[in-house]
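Good morning, and thank you for coming. I would like to present one structure today, beginning with a pair of helices and then turning to salt bridges.

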Amino acid sequence: METQTTKDPIEIGNDPFMSADDLAAYSARMRAAKALKDMEGQDHAAKAREALVKQLSEPIEVTPEKVHEITQRLLDKLRIAAEQGQKELLVMRFPNLLCSDKGRAINNAEAGWAETLTGRPRQAYEFWRDRLHPIGYGLKATIVDWPDGMPGDVGLFLTWETTRH
């Protein structure tokens, strides 16, 4: 059987048949298109992440109305979590860039990790410290994803334990 390396597909019955070279070129074009699409997606994700960091870097104005709104949303989520038998609730997830050390102290569970928080994550910590800690809630911070093996987003988890009588 002889192999043709022409640019025109060979007809076998009613089905067009590409040469091996044509198939390899087609495959290369498909891989290049997929790589370009992936890069565009990564670029879009990077821009979205940048916008999120910028937004979360800006503290919100703490008014009685805002405190009430946050408290009500939190209570609703806590009720649902408790009904499901959970003992913790992810209350905030944010890029590690909002930690002055990019999450190192959190990753190493160092005392004083909260001092590295900036922007809204810092405000969330202060909300817990001032309002929720006194009534028995705990707060833990952990790295929740590891892109390319490096610390990524940080999660703040509100925790509670059942008291035994």
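At roughly what angle do the axes of helix α2 and helix α4 cross? Before I reply, a word on the source: this is a predicted model, in which local features need pLDDT of at least 70, side-chain atom pairs count only at pLDDT 80 or more, and totals for chains, interfaces and linings use all residues. Residues are numbered from 1 along each chain as its sequence is written, and side-chain values use heavy atoms, with hydrogens and water left out.

Two packed helices are described by the angle between their axes and the distance between the axes. Here, the axes of α2 (residues 64–83) and α4 (residues 119–132) cross at roughly 85° and come within 13 Å. Axes are lines fitted to C-alpha atoms, for helices over the stretch in contact, and angles run from 0 to 180 degrees between N-to-C directions. Helices (H or I, at least four residues) and strands (E, at least two) are DSSP runs, numbered from the N terminus. The two helices are therefore roughly perpendicular to each other, a term that covers 65 to 115 degrees.

Which residues meet there? From α2 they are V67, I70, T71 and L74, and from α4 they are F127, R131 and L132, with contact meaning heavy atoms within 4.5 Å. By class, this contact has five nonpolar residues, one polar and one charged; Ala, Val, Leu, Ile, Met, Phe, Trp, Tyr, Cys and Pro count as nonpolar, Asp, Glu, Lys and Arg as charged, and the others, Gly among them, as polar.

I turn now to the salt bridges. A search of the whole structure finds eleven, each being a side-chain nitrogen of Lys or Arg within 4 Å of a carboxyl oxygen of Asp or Glu.

One of them joins K140 and E88, at 2.9 Å from N to O. K140 lies in strand β4 (residues 138–143) and E88 in strand β3 (residues 88–94), so this pair ties together parts 52 residues apart in sequence. K140 is partly exposed at 38% relative accessibility, and E88 is partly exposed at 31%; buried means under 20% relative accessible area, exposed over 50%, and partly exposed in between (1.4 Å probe, protein chains only).

A further salt bridge joins R93 and D153, also at 2.9 Å from N to O. R93 is in strand β3 and D153 in the loop between β4 and β5 (154–159), 60 residues apart. Is D153 buried or exposed? D153 is buried, at 12%, whereas R93 is partly exposed, at 42%. Finally, R49, R93, D145 and D153 are linked in a network of salt bridges.

Notes
Parallel < 35°, antiparallel > 145°, perpendicular 65-115°, else oblique.
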